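Student: Could you walk me through this one? I'd like to go piece by piece and ask as we go.
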Amino acid sequence: MYFLKNYVLTKQPSYWFNHIQIPYTMMGLRKLFHTSNVLNSLPIRDGLPMRLLLLGSPGSGKGTQSSRIQRKFNISVISSGDLLRQNIARGTKIGKIAVKEIERGAYISDDIMIELITKELQNKQQNWLLDGFPRTINQAVVLDDRLAMTNRSLNLVINLHVPEDVILQRIMDRWVHVPSGRVYNLSYNPPKISGIDDITGEKLTKRSDDNPETFKIRLQKHRSLTEPLLEYYTKSNILITCYGRTSDEIYPQIERELLKRFGVGNFY
Ligand code: AMP
């Protein structure tokens with residue numbers, strides 16, 4: 001009895017809220033209690049932590065998908081491209097190196113990238129998603145080692161597969177808000193006011209590497225250096241691939257998979 005009393009008192013109110021609502025969900029009373037809205041804003045408390053990696057060729061929509069995952073599951077997103085662009089905007093030492101490499105479609109050295117990302121990971125809450133890192137086998141091996149040391153290995157790698165003819169058009173239509181990493185597309189996700197970020201009212205910019213010449217080189221780099229990661233993560237048995245021509249086709253596949261694997265599906 002004493003144990004039971006302590007057990008009840010040590011749990012946060014949200015713990016009981018989550019657990020008590022399961023039977024209601026099963027009884028079809030979800031709408032009555034508005035559980036899906038409430039849980040949308042909660043981190044995944046009691047399930048397996050989400051430690052995700054998003055892979056896909058340039059222009060496959062990694063930025064768009066990671067924003068949608070972030071909104072739905074309230075997890076931290078670490079985007080290597082956004083971090084580099086922020087360093088460039090601030091004129092840091094890394095930014096000065098990165099600007100030249102990015103403009104010619106080349107990769108930044110593994111050493112720089114590994115330091116940049118592992119530092120970011122140290123400050124993150126337990127649920128996170130990596131976008132754009134690792135991009136080489138060497139980066140993947142070092143990341144795996146560092147995460148294993150703190151018992152936080154990746155538990156799902158999501159590969160986005162979008163046909164090449166769709167990708168080039170997307171790149172040409174893409175505008176970004178550098179401080180937040182928000183991505184807009186003139187054909188299917190335009191800003192409310194042309195050239196302006198919907199949330200902050202700040203100016204949108206075109207990425208210096210979003211042009212057909214640099215894009216060709218980025219695609220080649222992706223094929224030779226990043227695609228081998230698919231085999232690497234297939235061997236670890238944590239890779240899934242989502243296929244589609246648009247982000248709207250792909251996102252529901254990702255969401256379904258996350259709900260299924262991370263134990264939050266019961267609540268929806
Ligand atoms: P993204 O926004 O992910 O397309 O990245 C833009 C550019 O940043 C890439 O084309 C690379 O030049 C550089 N970059 C981003 N992530 C990495 C990485 N993990 N390794 C090397 N270079 C990277």
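Tutor: Let me begin with a definition: two strands pair if DSSP finds at least two bridges between them. Helices (H or I, at least four residues) and strands (E, at least two) are DSSP runs, numbered from the N terminus. This is a predicted model, in which local features need pLDDT of at least 70 and side-chain atom pairs count only at pLDDT 80 or more, while totals for chains, interfaces and linings use all residues. Residues are numbered from 1 along each chain as its sequence is written, and side-chain values use heavy atoms, with hydrogens and water left out.

Student: OK, in which sense do E1 and E4 pair, and over how many bridges?
Tutor: Strand E1 (residues 51–56) pairs with E4 in the parallel sense, over 5 bridges, and Leu53 has Val157 of E4 as its bridge partner.

Student: And how many bridges join E4 to E7?
Tutor: There are 5 bridges between E4 and strand E7 (residues 239–243), and these two strands run parallel; here Val157 has Leu239 in E7 as its bridge partner.

Student: How many residues of E4 are buried?
Tutor: In strand E4 (residues 156–161), 5 of the 6 residues are buried, so the strand is largely enclosed by the rest of the structure. Buried means under 20% relative accessible area, exposed over 50%, and partly exposed in between (1.4 Å probe, protein chains only).

Student: Switching to the ligand, how many residues surround it, and which are the closest?
Tutor: The ligand is surrounded by 16 residues, and the closest are Ser80, Arg85, Ala106, Gly132 and Arg135; a residue is near a molecule if one of its heavy atoms lies within 4 Å of it. Helix H6 (residues 80–90) gives the largest share of this shell, 4 residues.

Student: How much of the ligand does the protein bury?
Tutor: Taken alone the ligand exposes 480 Å², and the protein buries 96% of that, with accessible areas coming from the Shrake-Rupley method with a 1.4 Å probe; for residues, only the protein chains shown count as cover.

Student: Back to Ser80, how far is it from Leu130?
Tutor: Leu130 and Ser80 are 50 residues apart in sequence and 7.8 Å apart in space, C-alpha to C-alpha. Leu130 sits in strand E3 (residues 128–131) and is buried, with a relative accessible area of 0%.

Student: Is Asn151 buried or exposed?
Tutor: Asn151 counts as exposed, at 67% relative accessibility.
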